[in-house]
Amino acid sequence: MDSGTSRPRFFTPAEVAAHDTVDDLWVSCLGRVCDLSPLVTRYRGDVLLLPILECAGTDISSWFDPQTGDIRRCVDPLTHCARYYTPRGRFVHVPPSGPSSGWDTDFGQPWWSDERYEVGRLSAKTRWIRVINTLTSQEQKLQVCSEETLAEILLRYLRYNAHARSYTWKHGGTILDMSKTLDQNHVPDDDQELQELRLDPERFIPSIQLYFNDDLTEG
């Protein structure tokens with residue numbers, strides 16, 4: 001995460017899932033999104049990487065205690081002592097269950113509590129919108145994070161229209177406040193209601209209309 005900004009970047013689960021290779025490996029856990037590619041590079045070839053590699057691009061919150069942020073613990077049925085609970089197998093920075101002369105503790109913070117791996121936050125709720133360019137009639141469907149402001153959603157849309165900043169963004173004829181979220185701009189999110197009514201949400205995606213300002217200097 002960029003330490004120079006106070007606001008984190010939000011990611012959708014689909015964006016995290018796209019980083020699922022050995023050379024580009026992300027996971028999400030307890031709302032955080034972490035890029036573990038440097039960790040994989042450092043421990044390449046180590047058998048303790050296997051559980052992490054198997055879960056590349058997924059949410060691994062179930063590995064951790066939400067109260068402490070540390071790995072879940074259990075009581076060992078043989079020793080009756082508390083130990084880390086790792087049903088998928090022991091992974092990098094998890095100590096062995098017993099004394100071991102080969103256990104190297106010189107790694108600093110364990111990766112799950114090291115902020116250097118954090119690149120942002122996982123959205124608690126994603127939603128779809130339709131962005132309609134009223135000048136060209138081009139329409140683009142976007143999956144966005146409910147926590148994002150319109151200015152941040154605009155950044156997502158730039159790949160489809162490099163001059164998106166030269167448009168006024170409206171919903172239902174009302175100019176949107178780009179510093180606020182969709183919800184704060186009263187753009188409805190009816191997903192839950194549509195689900196309860198068993199209606200197809202694809203038919204009720206809210207639209208954002210873009211009106212050209214006749215000024216490409218902001219593109």
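Where is the place of Ser137? Select Ser137 and you will find this residue in the loop between β8 (126-133) and β9, where helices (H or I, at least four residues) and strands (E, at least two) are DSSP runs, numbered from the N terminus. Ser137 has a positive phi of about 65° although it is not a glycine, and at 61% relative accessibility it counts as exposed; buried means under 20% relative accessible area, exposed over 50%, and partly exposed in between, with a 1.4 Å probe and protein chains only.

Before moving on, note that this is a predicted model, in which local features need pLDDT of at least 70 and side-chain atom pairs count only at pLDDT 80 or more, while totals for chains, interfaces and linings use all residues. Residues are numbered from 1 along each chain as its sequence is written, and side-chain values use heavy atoms, with hydrogens and water left out.

Next, select His186, which sits in the loop between β11 (174-175) and α5 (191-196). His186 also has a positive phi of about 65° without being a glycine, and its relative accessibility of 67% makes it exposed.

Now colour the two domains, whose bounds come from an automatic or database domain assignment: domain 1 (10-122) and domain 2 (126-212). Their centres, taken over C-alpha atoms, are separated by 35 Å, and the contact between them (heavy atoms within 4.5 Å) takes six residues from domain 1 and seven residues from domain 2.

Which residues lie nearest the centre of the largest pocket? Select Arg9, Glu15, Glu148, Glu152 and Arg156, which hold that place among the 17 residues of the lining. A pocket here is an open set of points on a 1 Å grid over the protein atoms alone, where a 1.4 Å probe fits, with protein on both sides within 12 Å along at least five of seven lines, and lining residues have an atom within 4 Å of a point. The volume of this pocket is about 410 Å³, counted as the space filled by probe spheres set on the points, which are joined across faces, edges and corners. Both domain 1 and domain 2 give residues to the lining, so the largest pocket lies between them. Strand β9 gives the most to this lining, with four residues.

For the second largest pocket, with a volume of about 180 Å³, select some of its lining, including Asp76, Cys81, Tyr84 and Arg90.

The last stops are aromatic. Rings of Phe, Tyr and Trp (its six-membered ring) pair if their centres lie within 6.5 Å, and planes under 30 degrees apart count as stacked, over 60 as edge-to-face and the rest as tilted; by this rule the count comes to 10 aromatic pairs. Select Phe64 and Trp112, whose ring centres are 6.3 Å apart with planes at 50°, so the pair is tilted.

Because Tyr157 lies in helix α4 and Trp169 in strand β10, the pair ties together parts that are 12 residues apart in sequence, and both Tyr157 and Trp169 are buried.
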